[in-house]
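Hi,

Here is the structure I said I would pass on. Have a look at it first, and then read my notes below.

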Amino acid sequence: MAAAAPPPPPSDVPAMPEIAPPSSRRTLFARVRLAAPSDVPHIHKMIYQMAVFERLADQCAATEASLSSTLFNSPPFQSFTVLLLEVSHLPFAPLPPPPQNPTGVPAFAPIVHAINLDLPIEDPEAEIFASGAEGGGGGAVVAGFVLFFPNYSTFLAKPGFYIEDLFVRECYRRKGLGRMLLTAVAGQAARMGYGRVEWVVLDWNVNAIKFYEDMGAKILQDWRICRLTGEALSAYANIDY
């Protein structure tokens, strides 16, 4: 299969607002909230950064337009859902209560934690990832995301969630933020009565494997991923049964 062209350069975003004074920068406030269509430029940038980290940038064909047209067409947790991780050196203002989903799915309330840092974090891309979300306060930036969607277990006779991507930007790793994202997905699955949460991990990413095991996940050694994509998938379009 021919390698996909890399996505176009990410679009510009507004400059970051005034940040907290240095004396307050040893505490980092982190918030996980539902992503919105306006967050697509940040999501697109992080997808490409993740592809570079995974040594798969040549396969990343996502664009802001293709993400916008596919990610936000259904209510949260009924199809593709993105939770966004934001961080700030100032406390986040409360967001309005989330509306109750008409399908009866438990609403997702933003999760906020305060993290004490040993050293201040220097984010060289703070302006690029400046968050314009409501309640973000001065200096809030986007630091990561998790994208997931429902699947189904016939053995359990229950739905579950499949995590497609979980990503934390490099300067914010090893601060408990990946755990915060994964806990948000697992907590929502448990509240919805789902049977399990699944994802895959690259076999060379030993740090991620240990992190997932520490979270209580089992690494299934006997299973392999099977995938039809590109020309191999397109060949089935005109098969006459």
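Let me start with what I mean by an aromatic pair: two rings of Phe, Tyr or Trp count as paired if their centres lie within 6.5 Å. Keep in mind that this is a predicted model. By that rule, the count comes to eleven aromatic pairs. F77, F108, F148, F161 and Y194 form one aromatic cluster.

Take one pair from that group. The ring centres of F77 and F161 are 6.2 Å apart and the planes sit at 40 degrees, so this pair is tilted; planes under 30 degrees apart would count as stacked, and over 60 as edge-to-face. F77 lies in the loop between α2 (64-71) and β2 (81-88), while F161 is in strand β5, so the pair ties together parts that are 84 residues apart in sequence. Both F77 and F161 are buried.

Then there is W199 with Y212. Their ring centres are 5.1 Å apart with the planes at 65 degrees, so that pair is edge-to-face. W199 sits in the loop between β6 and α4 (206-214) and Y212 in helix α4, 13 residues apart. Which of the two is buried, and which is partly exposed? W199 is partly exposed, with a relative accessible area of 22%, whereas Y212 is buried at 10%. The cut-off matters here: buried means under 20%.

Two arginines also meet rings. R55 has its charged end over the ring of W204, 4.0 Å from the centre, and the charged end of R173 sits over the ring of F53, 4.9 Å from its centre.

Stepping back to the overall layout, the protein has five helices and six strands. Starting at the N terminus, the elements go β-α-α-β-β-β-β-α-β-α-α. Of the 241 residues, 37% are buried. Among contacts with a separation of 6 or more, 78% are between residues 24 or more positions apart.

Now for β5, the strand that holds F161. Strand β5 covers residues 158-168, and eight of its eleven residues are buried. What does β5 pair with? On the one hand, β5 pairs with β4 (residues 141-153) in the antiparallel sense, over ten bridges, and P150 stands opposite F161 there. These two strands make a hairpin with four residues between them, and A157 in the turn has a positive phi of about 55 degrees. On the other hand, β5 runs parallel to β6 (residues 197-198), joined to it by two bridges. V197 is the bridge partner of F161 in β6. To get from β5 to β6, the chain passes through helix α3 (residues 177-191), and this β-α-β crossover is right-handed.

Last, have a look at helix α1, which spans residues 40-53. From first C-alpha to last, this helix of 14 residues reaches 20 Å, close to the 20 Å expected at 1.5 Å a residue. Ten of the 14 residues are buried, so α1 is largely enclosed by the rest of the structure. Those buried residues include H42, H44 and K45, along with I43, M46 and I47. The buried residues of α1 pack against α2, β2, β4 and β5. R55, which follows α1, has a positive phi, near 65 degrees; R55 is also the residue whose charged end sits over W204.

Happy browsing!

Key: Residues are numbered from 1 along each chain as its sequence is written. This is a predicted model: local features need pLDDT of at least 70, side-chain atom pairs count only at pLDDT 80 or more; totals for chains, interfaces and linings use all residues. Side-chain values use heavy atoms; hydrogens and water are left out. Buried means under 20% relative accessible area, exposed over 50%, partly exposed in between (1.4 Å probe, protein chains only). Two strands pair if DSSP finds at least two bridges between them. A crossover is right-handed if, with the strands pointing away from the viewer, the path from the first strand over the helix to the second runs clockwise. Rings of Phe, Tyr and Trp (its six-membered ring) pair if their centres lie within 6.5 Å; planes under 30 degrees apart count as stacked, over 60 as edge-to-face and the rest as tilted. A charge sits over a ring if NZ of Lys or CZ of Arg is within 6 Å of the ring centre and within 35 degrees of the ring normal. The expected span of a helix is 1.5 Å times one less than its number of residues. Contact means heavy atoms within 4.5 Å.
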